[in-house]
Amino acid sequence: MRRLSLALIVLVLAGCSSSHKTSEPSVPPSSPATQSSPAPSTGGSAPPSLVADWPTYHGDFARTGRATTFPPPKALRIAANVKLDGQVYASPIVARGVTVVATEQDSVYGLDNDGRQLWRRNLGEPARSGDLPCGNIDPSGITGTPVYADGVVYVVPEYRSPVRHELVALDVSTGKALWRVSVDLPGADPSAMQERGALTIAGGRVWVPFGGRAGDCGDYKGRIVGVPLDGRGAPIAYTVPTPREGGIWTPPGPTVDSTGQLYVAVGNGEHGRGDAYDYSDSVLQIGVDAKLLDSFSPTTWGSDNEDDLDLGSLGPVLVGSKWVFIAGKSGTGYVLRQGQMGGVGGQVWQGALCRGFGGAAVDGDVVYVPCDDGVRAVRVDSAGAVHVLWHASGSIAGSPVIGGGRVWALDQEGGVLHALDPATGRSTHQIAVGVTSRFATPALHGDHVLVPTLAGLTIVAVG
């Protein structure tokens, strides 16, 4: 990602201080499970709701992006334009009826269904461009999507003086901060690291991914850090074994399978043609003990690294219980076998497809891929081969979600939300929502599409 000019690159953790807390941790209260579909194990008590609410990026820990109870759209209207104190790069989440939105001013808002403020919590002063060695988000506060479980919202703000990152637990009903833990571990420079990917939960821990900033400057390494859900105990981490870079930066963060294992996409590393393999330009499967379980890289990983054509720009997608789909910056798509990805050159299928950026959505054996020249629908057949079903208009390139018999995706440059026919890719409904970031993705809840914008949140009603 050496020449990637967009500022949504997740930062690697770095290490200055050891883990610390500003208050005695509180164990999150339990809540009744309300999901109506299977959920990945959180490794402890009942998992959080994954259908009635939208508690994480793309609605569930597998990042499917599906809302099974969302109504079909008859007409679209703006229900509310909610102006907040900063730009919103993270996806909104919804838990216990509270819409949670985080801004680059290090503020977290709790809103009701109509966008009225229930609470606001400012967590500190965000980093500014003058504090950072590179990057193009200014200020740089909360960029990665929060995650919810058992009454608690987990979020990672970035601060200045010095630049650092904390995992903060908030009560979803009041916004009260329950505890804070540093997630800057030794081995990298916190000022070169950015937390861009969505948080997730597996094995009784909150997982925080890190990559680098736009410009790929400084001493950063791709890393994923796991912190116990109650904030007690030392964090654990997996760090990509490359001398530098190898960021885990794509906005969906880790994808979690039905057994609680984590799949991440890794960007280009320091090594290139003729160098030893360093697990960059890869899809990695990581256990809840933060140990590497499996990996895949293209045979071209060395040249991909040198030419900034790595896999790190799209989150891996699980298709059924058998396949992993990935497509990065090279324009080549790959299908891998879950649990046996095969290392270098281990793909089941590869072929020319598109340059994928952000988070795909999946419904059965169909994957909706956010290609930079327009969303594509592809089917993965029983042998693992990919078949392109349709290609949407080139301006509709945002990370899609699925609900109400439509695929919802943004024309980010035009600031327009589209409802696409899943059979043809044709836009059946569209509405202007305001300026969004390149990697913005909507959330679906009730009969509302929640769109993060550079001014706050736009709520679109579909009735």
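Predicted model: local features only at pLDDT ≥ 70, side-chain atom pairs only at ≥ 80, totals over all residues.
Me: How many residues of strand E19 are buried?
Reply: Strand E19 spans residues 282-286. It is largely enclosed by the rest of the structure because the buried residues number five of the five.

Me: Which residue of E19 is the bridge partner of Leu-262?
Reply: Strand E18 (residues 262-266) runs antiparallel to E19, and five bridges join them; strands pair if DSSP finds at least two bridges between them. In E19, the partner of Leu-262 is Ile-286.

Me: Which residue in E20 stands opposite Val-283?
Reply: E20 (residues 292-297) is antiparallel to E19, with four bridges in this pairing. The hairpin of these strands has five residues between them, and Ala-290 takes a positive phi near 65 degrees there. Opposite Val-283, E20 places Phe-296.

Me: Which side chain is joined to that of Asp-216 by a polar contact?
Reply: Asp-216 is in the loop between strands E14 (205-212) and E15 (223-228). With 4% relative accessibility, Asp-216 is buried. A polar contact is a pair of N or O atoms within 3.5 Å; within protein, one must be able to donate a hydrogen and the other to accept it, and sequence-adjacent residues count only if both atoms are side-chain atoms. At 2.8 Å, the partner side chain is that of Tyr-220.

Me: How many residues apart are Tyr-154 and Trp-179?
Reply: Rings of Phe, Tyr and Trp (its six-membered ring) pair if their centres lie within 6.5 Å, with planes under 30 degrees apart stacked, over 60 edge-to-face and the rest tilted, and the count comes to eight aromatic pairs. Tyr-154 and Trp-179 form a tilted pair, 6.0 Å centre to centre with 55 degrees between the planes. Both residues are buried. The pair links strand E8 (residues 152-155), which holds Tyr-154, to strand E11 (residues 177-182), which holds Trp-179; the separation in residues is 25.

Definitions and conventions:
Residues numbered from 1 in each chain as written. Heavy atoms only, no water. Buried < 20%, exposed > 50% of the residue type's maximum accessible area, 1.4 Å probe, protein only. Helix = DSSP H or I, 4+ residues; strand = E, 2+ residues; numbered from the N terminus.
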